[in-house]
Amino acid sequence: NQKATHSENSQGKKSQHAEEAIFYMNCRAAYLSVLKSSLENIKSKEQLSLVLQQAGRNPSRRTINKYWTSQTTSLNFDDFCAILKKEKPATKNELLEAFGKIDTDKAGYIFHDELYKILTTRGDKMTWEEVTSITKQADFNCSGKLDYNKFCELYLSTREQCCKAARDRLEVDPRLRQQQFGNQTENSSEGIPVPVSKASPRISRKSDHKLANGDSRAPSRPSSAQSGKASTSTTVTVGASSSRNTKLIIEPDTMKEWQCVQSKGCFYLKENGEIISHKYRLHLPQRSAVCITIKPLNIAQAEGKSCRWLSVDTDLFILKENEPQENLQLVSFTELQHKEMFGWRGELGSGVYWLLPFTTGCRLRKVKTQIPGEAKLVGRDEDGELALTKEFRAALLDIFETIDLDGNGLLSLEEYNFFELRTSGEKCDQEAWAVCKENFEMKKNELTRQGFMDLNLMEANDRDGDPRDLWVTLLSLGYNKALEMTEACPFVIDICAERCKARMKAVSLEAGGSQLSRAVCRSVVNKGEAKVLDGSENIIIHTYKSGSRISSVIENKSENKVIIHVNNEKSKNCLNSRGLTVFAVEVAPKSMMVSQHVMPLKEQEECIYSCVHSLV
């Protein structure tokens, strides 16, 4: 019985947290539909009315005046959430009950004359023009009468459409996605659950744990709405070109007899700012010392083209597969850095591991650049036949090099399908592959470089030289209209084992998801320095420096969601993954979440990370 009760209580808490997460998501969506930032305050009655309408409320003047008094100068996001909790949206039954008091005959309609009289003389009085705008709507008006059942249905559906439009704007706009609370690599606003554990010995605590206003008592309101600000500051310095000063502990002479495998992959930046990449399964037949490295793939682009992806940071998280299969345990990650390479060396037991590539997004992000003109993809040869231009052929060769994951100079059906999934969202089945084999050059049932070129030429011919479909392919692979790869980062993974030959296989092309988010958070918590927010011992800021990269994670051990204000204004020569100097992060109860990743803007200069985290 005790177990059943505990289980019910646990499920009840999860359900409560889920409902709260949905509520705050709707709050954020409405707030950011009107204001540029969650840190910006509502500054007028008109703004308050507008944000309430975006949240599906229809506030009267009396309601607005209740929250905006003569003493009010501004309201913040927390105030807005509190108002929404009090002002519940009207239900259909409540609306019908209100109309029923007017329609004493229960006919289901109200004459326009009577409606004008009531709405312009009683309660929150409307103007004659405002009432006319209602009676003109054909959806619920006929023969001088208002069908209030239809009116209520339309009102409720319009309200839901308004809320949905606000949520959709929040999801689609990459700038808003980064500004809004939460981790940019994790869609869920609930954060990563915190495992029950003892306090970390690395936590540095201030001697005085009083709130900023001097009151040492427990706050009566949830921590996200405290009037005082608990805060902590962190400063980390990264020396100039430090990434070139830390070498992997790898002795080439001792690894001559080790057996090595290699696979390529790629980070792709989606339209909404999300980063996806290949994921891998690694099988070790027996226990062995292992060396694992990852680095950007250096492919020779056409002369004069920039190779900006070579400066993108790469990382690889190693997770052990257990039973059940989805239960992955973090083993380690490639924390050692030498130039652009990140690596790890240690011993792994026999079994199956998952390798999850990761980049912070500091240097792989949406950037608006002026392009003088669109590159030409297709032209005519001497015989008047369609031909691919020299520039387009060079780009296709680079693409082939990237998607040829095993580096054998041929594309298998599996490799080609990763290309198809990224560019068209569909896979090529065995039957379609057999048709390819009949029309394009193949060796050992794998597509050659020439066959890949001819495949793209056929696509150009199918459209009679119209390059639009070709551009769809190029843009989805991270190229801009000047044929420069600016929104992708190809990489290469090398694994060497002392006692056996490992097997590595790419299994998917997708966003990292909760497993990667959990691994990133756990690695920072395990390796980094922890600081308790002065005045709020349940909020801990973890900071970890690895090579030239700095990562920060917020851990919330309290029973309430918290909103943390993050200020980087005193940092120098820094580039962060949020793309914002000041922002806010919402962390769900009993969870942890990435605050930000930071890298030097200019590698040749010293980078000073100076950040203040404070409770809103």
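View 1. Cys362 is buried, at 1% relative accessibility (buried is under 20% relative accessible area, exposed over 50%, partly exposed in between, with a 1.4 Å probe and protein chains only). The model is predicted, with pLDDT of at least 70 needed for local features and 80 or more for side-chain atom pairs, while totals for chains, interfaces and linings use all residues. Residues are numbered from 1 along each chain as its sequence is written, and side-chain values use heavy atoms, leaving out hydrogens and water.

**View 2. The disulfide of Cys260 and Cys496.** The structure holds 1 disulfide (a pair of cysteine sulfur atoms within 2.5 Å). The sulfur atoms of Cys260 and Cys496 are 2.2 Å apart, and the link is right-handed, with 110° about the S-S bond. Cys260 lies in strand β7 (residues 259-269) and Cys496 in strand β19 (residues 488-497), so the pair ties together parts 236 residues apart in sequence; strands (E, at least two residues) and helices (H or I, at least four) are DSSP runs, numbered from the N terminus. Cys260 is partly exposed at 40% relative accessible area, whereas Cys496 is buried at 11%.

**View 3. The aromatic pair Tyr31 and Phe77.** Rings of Phe, Tyr and Trp (its six-membered ring) pair if their centres lie within 6.5 Å; planes under 30 degrees apart count as stacked, over 60 as edge-to-face and the rest as tilted. Tyr31 and Phe77 are edge-to-face, 5.2 Å centre to centre with 85° between the planes. Both residues are buried.

**View 4. Arg549 over Phe342.** The charged end of Arg549 sits 4.4 Å from the ring centre of Phe342 (NZ of Lys or CZ of Arg within 6 Å of the ring centre and within 35 degrees of the ring normal).
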